[in-house]
There are 2 protein chains.
Amino acid sequence: MKVRVLILPKKGLLDPEGRAIKEMLLENGYQVNDVKVGKVVDLDVEEGTDIKMLVESFLVNTLIEEYTIE
Amino acid sequence: MKVRVLILPKKGLLDPEGRAIKEMLLENGYQVNDVKVGKVVDLDVEEGTDIKMLVESFLVNTLIEEYTIE
């Protein structure tokens, strides 16, 4: 079973990599409103795996990150 | 204009973070075939921006990474 998990910093929380990319693009002449950087994790796991449990136990810090499963 | 860019290591190339997560999940009893870890970059840029140019110039190393624009 293939599942894609997208993990992004919660709105309003620190995203130093996104900020760095935004600054760099602005310096290079791009008109940028916002950049957010997160992680994509492509999982290929056994059919029937409890993905929500797996993700919340091992992949995401739900205090500071939010995720979507695709 | 909001654009999501997904950046993943090319097939067959080193993905130490994916490997580490796979090992950790296996140790925790999950049946895992494969884990790949990449980056998601959410951009909010000016309408008409050449996204391919931006991504290939500043966000992706096309020698070792592949990307999709959503």
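Two strands are said to pair if DSSP finds at least two bridges between them, and strands (E, at least two residues) and helices (H or I, at least four) are DSSP runs numbered from the N terminus. In this predicted model, local features need pLDDT of at least 70 and side-chain atom pairs count only at pLDDT 80 or more, while totals for chains, interfaces and linings use all residues. Residues are numbered from 1 along each chain as its sequence is written, chains are lettered from A in the order in which they are written, and side-chain values use heavy atoms, with hydrogens and water left out.

Strand β2 of chain A (residues 32–45) pairs with β2(B) in the antiparallel sense over 13 bridges. Within this pairing, Val35(A) has Leu43(B) as its bridge partner in β2(B).

The contact (heavy atoms within 4.5 Å) takes 31 residues from chain A and 31 residues from chain B. The buried area, that is, the accessible area (1.4 Å probe) lost on putting two parts together, summed over both, is about 2,700 Å² between the chains, and carbon and sulfur atoms give 63% of this area. Tyr30(B), Val40(B) and Phe58(B) supply 21% of what chain B buries against chain A, more than any other three residues.

The interface also holds two salt bridges, each a side-chain nitrogen of Lys or Arg within 4 Å of a carboxyl oxygen of Asp or Glu. Glu17(A) forms a salt bridge with Lys39(B), where the closest N and O atoms are 3.0 Å apart. On the side of chain B that touches chain A, β2(B) gives the largest share, with 14 residues.
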